[in-house]
Amino acid sequence: MSSAVLAFSYSVKTASQLESATGYLFHQHNWTCSQDPGNSSVDVIQRKLQCCGVHSYTDWLKASSSWYHPACVPESCCKEKHSHCRGDLAHVDQLSDKGCLKKLEDQLGFAMLYIFWCCPVLSLELLAAVSNGFLMRHQPFRELRILDSHTF
């Protein structure tokens with residue numbers, strides 16, 4: 001029961017920590033506009049969750065505003081159904097429009113909700129099993145007979 005309460009109370013705190021960690025991870029991501037889709041953790045997250053940037057693809061535009069990065073996004077931002085997408089901003093409709101932070105928060109929320117409901121249910125089942133054990137110990141079965149077809 002206490003783990004359910006803890007899961008609920010920490011969900012707000014973990015959301016802010018998740019935003020901070022995600023922002024740092026995306027800020028540290030070293031990418032270029034190339035044909036290589038990349039295998040960094042950011043690229044894997046973006047491909048697996050079908051998301052782009054922390055809040056949206058515009059996060060990459062802030063990072064690419066220097067002369068070193070032309071205005072584009074990593075290829076991992078491309079939607080799966082657009083195999084010819086190269087992260088070009090001329091085709092924004094081919095990019096994932098949702099940010100990764102929201103999708104990560106949704107998955108974390110689902111896990112917390114799962115813990116929140118599973119822990120009390122398992123606690124009640126354990127309590128019922130222990131209670132049945134005590135009841136059976138103090139009042140065992142008496143005169144237990146196997147039923148025959150002759151009895152009926």
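Reply: Start with one definition: buried means under 20% relative accessible area, exposed means over 50%, and partly exposed is in between, using a 1.4 Å probe and protein chains only. This is a predicted model, where local features need pLDDT of at least 70, side-chain atom pairs count only at pLDDT 80 or more, and totals for chains, interfaces and linings use all residues. Residues are numbered from 1 along each chain as its sequence is written, and side-chain values use heavy atoms, with hydrogens and water left out.

Me: Why is Y114 called exposed?

Reply: Its relative accessible area is 54%. The cut-off for exposed is over 50%. So Y114 counts as exposed. Y114 lies in helix α4; a helix here is a DSSP run of H or I with at least four residues, numbered from the N terminus.

Me: What makes the nonpolar surface patch with Y114?

Reply: F110, Y114 and I115 make it, and its area is about 350 Å². Nonpolar side chains (Val, Leu, Ile, Met, Phe, Trp, Tyr) are joined within 5 Å, like charges within 9 Å. The areas come from the Shrake-Rupley method with a 1.4 Å probe; for residues, only the protein chains shown count as cover.

Me: Is C118 buried, exposed or partly exposed?

Reply: C118 has 24% relative accessibility, so it counts as partly exposed.

Me: Why is the disulfide of C52 and C77 called right-handed?

Reply: The torsion about its S-S bond is about 80°, so the link is right-handed. C52 lies in the loop between α2 and α3, C77 in the loop between α3 and α4, so the pair ties together parts 25 residues apart in sequence.

Me: Why are C52 and C77 called buried?

Reply: C52 has 0% relative accessibility, so it counts as buried. C77 is also at 0%, and is therefore buried.

Me: What is the handedness of the link of C78 and C85?

Reply: With -65° about the S-S bond, this link is left-handed. Its S to S distance is 2.1 Å. C78 and C85 are both buried.

Definitions and conventions:
Disulfide = S-S within 2.5 Å. Helix = DSSP H or I, 4+ residues; strand = E, 2+ residues; numbered from the N terminus. Patch = residues over 30% accessible without salt bridge, like charges linked within 9 Å, V, L, I, M, F, W, Y side chains within 5 Å. Salt bridge = Lys/Arg side-chain N within 4 Å of Asp/Glu carboxyl O.
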